[in-house]
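Please look through the sequence and the 3D view below.

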Amino acid sequence: MIDTGGAVLGGRRRGDNEPVNDELIDFDAVLLLSFGGPEGPEDVRPFLENVTRGRGVPPERLDEVAEHYLHFGGVSPINELNRDIIGRLRTELDRLGLDLPIYFGNRNWHPMVEDTVERMTTDGIRRALVFATSAYGGYSACRQYDEDIRRARAAVGDAAPELVKLRQFFDHPLFVSAVADGVRRAFVELPGDQREQARLVFTAHSVPEAADAAAGPAEEGGHLYSRQVFEAARLVAAELGVAEHDVVWQSRSGPPQVPWLEPDIVDHLDTLYSANTQAVVVCPIGFVSDHLEVVWDLDAEARERAEELGMGFARAAAPGTDRRFAELIGELIREMVEGVPARRLSTLPADGCMVNGAWCATNCCAPARRPVRSEPATIDA
């Protein structure tokens, strides 16, 4: 069963702050939880209003961002890409003999997670595993999905299923190998005379420096998001045998007075050009799918700047459509339902596996205070 219109429960209920990796418990569904995106021109403005609600974003800024979506017919690829992941996961779970229905819910556009959890409740789901479409920790990458879970369960009430979020997977061997193969294919796209000298550049979504400093439990030193991104990039580069690479950021959406993680990908292209770099291969390692932010920021803006500079440019595909990505989700599920050992390639924390939207620790990834008139953070995870 796949329910893409609207998900897991049975046995003992755990405390809100109790980790879930100490024993096997029963589950009866999977919920894929994502950001959401418009699927037509009429959806764009209400979608952006959902994204920016409570942030005091001026209407003219929403109009500006809306043009990015309207440039592509008002459709973000993210929902369709997530449906593709769900289809591949259904095949993988069938192969594994795991008879778990898969539900689909979003934070900002239909199917809304509140509606999905209500549907799950009606269907008699008691305890579900939640796969959030982000490999990393931090507020936007992890805790905000916990908030989605809390909000959805509160909207449904006491009958809502227990929801257990799967762990972060930035260093899973299947994630690393799928990303690495995407980079290999991108190198082949460059002309032979540029291929050997091309610089490998990894990108992830920028966040405010204060948000990154607060990412992860305080006793772990913060900066969990950026540390995980740098580690994932290191692991992929090592698999490729690439001695040197860069990690930069994209999709900044805050006011100029607030410091965000830098450098931006477009600014970094200028720096590389000044160093006589002839070509770049860009890998969006911070993203699961080739959604609008990847397409706009990299395929449009970054590629355009590279062409202006006369630099060769190739962009690696995100791993979501790779068969190994569904296998990865299947392994994360089996860690919970069968107790298979977690496969990891680093010693950095891989947190996030908690019940009903509980935080990993007190004040873990606490959100930074927003300026009154911030710009919209249009993050497709």
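## Strands and pairing

Two strands count as paired if DSSP finds at least two bridges between them. The model discussed here is predicted.

The strands β7, β6, β8 and β9 form an open sheet of 4 strands in the order β7-β6-β8-β9, and the pairing is parallel. At the edges lie β7 (245-250) and β9 (312-315), each of which pairs on one side only. On average, neighbouring strands are turned by 25° against each other, with direction ignored.

## Helices against the sheet

Helix α6, made of residues 173-189, packs on this sheet. The strands touched by α6 are β6 (199-205), β8 and β9. The directions of α6 and β8 make an angle of about 155°.

A further helix, α9 (residues 224-240), lies across β6 and β7. Its direction is at about 140° to that of β7.

## Cis peptide bonds

Most peptide bonds are trans. Two bonds in this model are described here as cis: the one joining H110 and P111, with omega about 0°, and the one from E262 to P263, with omega near 5°.

P111 is in the loop between β3 (102-106) and α4 (113-122). P263 is in the loop that lies between β7, an edge strand of the sheet, and α10 (265-274).

## Positive phi angles

Most residues other than glycine have a negative phi. Which value does phi take in H223? The angle is near 55°, which is positive, and H223 is not a glycine. This residue sits in the loop between α8 (209-213) and α9. N276 is not a glycine either, and has a positive phi of about 70°. The loop that holds N276 runs between α10 and β8.

Is each of these residues buried or exposed? Exposed means over 50% relative accessible area, buried means under 20%, and partly exposed is in between. H223 has 35% relative accessibility, so H223 counts as partly exposed. N276 counts as exposed because its relative accessibility is 59%.

Notes:
Residues are numbered from 1 along each chain as its sequence is written. This is a predicted model: local features need pLDDT of at least 70, side-chain atom pairs count only at pLDDT 80 or more; totals for chains, interfaces and linings use all residues. Side-chain values use heavy atoms; hydrogens and water are left out. Helices (H or I, at least four residues) and strands (E, at least two) are DSSP runs, numbered from the N terminus. Axes are lines fitted to C-alpha atoms, for helices over the stretch in contact, and angles run from 0 to 180 degrees between N-to-C directions. Contact means heavy atoms within 4.5 Å. Buried means under 20% relative accessible area, exposed over 50%, partly exposed in between (1.4 Å probe, protein chains only).
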